[in-house]
Amino acid sequence: MAGAVDQAKMKFSKIVNSRSYTRFNQNPDGESSRVEVNLSVDTEEEEMDGAEQGHVQPETYMRPTIHPGSWNKWRIFVLVAVLLVIFCLGSLIGYSVQRKPKMAPCTPIVTKEQTSAPRVYEAPESTMDWSDVVKLLNDQLSPKKLEDIISEYSGAGMAGSSEDNNLGDKIHDFFEKLNMSPWTDEHFVKLQYPVNKTNKVSYDSEEIGSPKGFLAYSKTGSQQGRVVYANYGELQDLVIVNENKVNLNGSVVLMRAGKISMAQKVANVASKGAVAALIYPDPADYDITPDTELYGHVHLGSGDPYTPGFPSFSHGQFSPVKSSGLPDILAQTITANMAKKIFDKMGGRTPPTSFLGRFSNYKFGSETDRPITVEVNNVLVDTRIINVFGVIKGFVDADRYVVIGAQRDSMSSGFAKSSVGTGLLLELARVFSEMKKGGFRPKRSIVFASWTAGDYGNVGLTEWLEGYVTSLDKKAFTYISLDGVVTGGSSFKASASPLLHTLLQKTLEKVNDPVYSYQGNSRSLFQKLGSEFASVLKPMEMENGAYPFLAFSGIPSVSFSFTSTGASPVDYKYFGTALDDEDHLKTTTGQKLGEVSMAAAQVAGQIALRLVHDHILKLDVTKYGEEIGKRVNAIVDCTNDLKRKKLGKSETLSTQWLISAKGSYSRAAFSLQNYIRNSDREDLEMSRIINNRIMKVEHNLISPYVSPRDVPFRHVFFGNGWQTASDLETYLKDVSKGEATLDMDKVLNQFALLTWTIQGCANDLAGDIWSLDNEI
């Protein structure tokens, strides 16, 4: 500003002593569109001013000869005009220098880590106490409204069908009415569909049946072989089959549905040399009619299996590649009646009690049995799918968001599988919008996502993640899955990243058990569990809608479900069947579908709201210290066991660095917790810096040493592949049992990569480079 004033004084001095002027040159490219005044007096003055004028040549205006009197008037006029111009110039420069930019409430805020310039943070207009937020949420929810919206948005069709697309349009319109700035995400994926009554199973010359149900992504064609019964197809089941001298090579394996995914069953028997797999619902596991068809998929992975690792956006512009998770054998579902016909024709030994269901005759199968023929003629179709999104933007960190999602498609009826989750998604969107009108000001944003092709293995969800793989973990800090949240009412289970364990427990303490009522009293879900929170937590399976967020993108995720009590290997007996409808779900919940759905909405809603309400994210980094400690201690125990047995060169193995990395993480986590306790949580800039460190924890446990193309789920604790701690532990146990040979290079390599993944996570959590220790 001072420089501009000095320049203006110099120009004014020249005007007072001048006899001519050159021009007024307005430069639109300068700061604040500044006006540059170029003046000329005589030759000497022009040369003195040359440094300012640069290469611009003056356009000399030669004034005409005038009388002295006229000149005085003209000179006064010129002086007044120049003074006005200088005044305007000073005003413009002063305004441009002193004014602050007007920031929209949702403009992303840049941290000190991104720029050296100071950032001005604007707090929300008002801040509610957490108790007021919970009350506002509960006041907006009601069982009747939830039942109505679930029924209204039910009846989804198969992914890419007209029913699916129409429902997507309807959801888009719903978000539009709530002013949630909806948008869509389009992909062209390969989905497999059955051809009417062309999939067949026959025993010798007798046709067993032509099932309508199917398994997407099965290999197509025809295969023949003797039948072998393998219970649920788990690895321990196959060990029992082998112990009974039954050879799986070249066989057609018959398996019960349940316990593990259909994709895992098929992959397990394929690894033993089977040529086909038949999966049926045993009456002991499924309370359904004996002719009920089953639907599912057999891709041992997530997303479009013909574009592994990258999004299906090209619509055929790139040559398709195949996922390693696609099976090389035929796979088909059959009804319970069809399975009974096959058992009646089988010979061989009677299986152990654990293999028996409710049929009167179970056999392993015999080498002398007549062969069975399986024919699968599914077709692979390029299909356009559309995900639908809406957003409620935050008032401080609008570029940070929690994602709440649910699939809307279904191969069958899909009421519990997709309709309930879709209804809860939309009702939470409505309720949060109403809360915003009522004065709630979320600090961060909430994204609502309606996925499609979920029944094909989370295809729509995974393709979206693959499309934004380089940026999502820096923006999205939690994913909440609403898939299958209500399948009963008497029990509760959840799967979650350790970062969310504490928040989930606190939430269960605040939500009432929806089916408990004793003399008008209530109890919390946490009290229902008998204060045994660990019993709630289950490992997150690959079929889970939250799994790709956690194991592929490194985003803390949680899924949960109200279920029925019992030891059945099937959580909900109608999943994947046409009987997954409203009537059956109401019966399963004891006619309390609305009440249980409301409790599910409260759990998901409170988790999401807590994450966008507080200055510091409610993600407990110390919980990962416990998880890391448990995994590392197991590996240390296995290593010590090898040393005691003196197998190979195991005495040279050292777990020192792995133990040191574990300690580094624990110290960094507790240090951050202490830092948070002693910091000013009202300092929004500092809160954002702390939150950035917390958000990196999960992503830093995605191994950087493996390719996402070859190993999509790279998480070292919850992923799938050789890079995981569980894979290393299993290998060491196999060596100890004599089932594998010790490969020192392999073990040392896995030790090193696991150590540096954990240490890298600890270093990033510690923050500034001067805060790091140098023990490794």
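## Close-up views of a predicted model

Asp204 sits in the loop that runs between β4 (200-203) and β5 (206-209). Its phi is positive, about 60°, although Asp204 is not a glycine. Most residues other than glycine have a negative phi.

**View B. Lys259, in the loop between β9 and α9.**
Lys259 also has a positive phi without being a glycine; the value is near 70°. Is Lys259 buried or exposed? Lys259 counts as exposed, since its relative accessible area is 51% and the cut-off for exposed is over 50%.

**View C. Helix α9 and its cover.**
Helix α9 takes in residues 262-270. Its buried residues are Met262, Ala263, Lys265, Val266, Asn268 and Val269. An α-helix has 3.6 residues a turn, so residues three or four places apart point the same way. What covers the buried residues of α9? Strands are part of the cover: β6 (215-216), β9 (252-256), β10 (276-280), β11 (296-297) and β12 (330-333) are included. Helix α8 (235-243) is also included.

**View D. The largest nonpolar core.**
This core has 188 residues. Ile342, Phe432, Phe448 and Tyr665 make the most contacts inside it. Which element gives the most to this core? Helix α18 does, with 13 residues. Another core, of 14 residues, lies apart; Val189, Ile385, Met411 and Val459 are among its members. In soluble globular proteins, nonpolar side chains tend to be buried together.

**View E. Phe448 and its contacts.**
Residues up to four places away in sequence are not counted here. Phe448 touches the aromatic residues Phe175, Phe389 and Phe432. Phe448 also touches Met180, Val388, Ile392, Ile404, Leu425, Leu428 and Ala429, as well as Gly390.

**View F. Arg610 in helix α18.**
Arg610 lies in α18, which covers residues 593-613. Beyond its neighbours within four places in sequence, Arg610 contacts Trp130, Leu503 and Lys618. Arg610 and Leu503 are 107 residues apart along the chain, yet 8.4 Å separates their C-alpha atoms.

**View G. The second largest pocket.**
The space in this pocket is about 540 Å³. It is lined by 24 residues; closest to the centre are Asp614, Ile616, Leu617, Lys618 and Arg681. Helix α14 supplies the largest share, 4 residues. What is the make-up of the lining? It has 10 charged residues, 7 polar and 7 nonpolar. Rolling a probe the size of a water molecule over the atoms shows where empty space is left.

Cys638 counts as buried because its relative accessibility is 10%. Cys761 is buried too, since its relative accessibility is 1%. The cut-off for buried is under 20%. The count of disulfides in the model is 0.

**View I. The whole chain, for orientation.**
The chain has 23 helices and 19 strands. Of its 776 residues, 53% are buried. Among contacts with a separation of 6 or more, 79% join residues 24 or more positions apart.

Technical notes. Residues are numbered from 1 along each chain as its sequence is written. This is a predicted model: local features need pLDDT of at least 70, side-chain atom pairs count only at pLDDT 80 or more; totals for chains, interfaces and linings use all residues. Side-chain values use heavy atoms; hydrogens and water are left out. Helices (H or I, at least four residues) and strands (E, at least two) are DSSP runs, numbered from the N terminus. Contact means heavy atoms within 4.5 Å. On a 1 Å grid over the protein atoms alone, a cavity is a set of points where a 1.4 Å probe fits but cannot get out, and a pocket is an open set with protein on both sides within 12 Å along at least five of seven lines; lining residues have an atom within 4 Å of a point. Grid points are joined across faces, edges and corners, and a volume is the space filled by probe spheres set on the points. Ala, Val, Leu, Ile, Met, Phe, Trp, Tyr, Cys and Pro count as nonpolar, Asp, Glu, Lys and Arg as charged, and the others, Gly among them, as polar. A disulfide is a pair of cysteine sulfur atoms within 2.5 Å. Buried means under 20% relative accessible area, exposed over 50%, partly exposed in between (1.4 Å probe, protein chains only). A nonpolar core is a set of buried Ala, Val, Leu, Ile, Met, Phe, Trp, Tyr and Cys residues joined through side-chain atoms within 4.5 Å.
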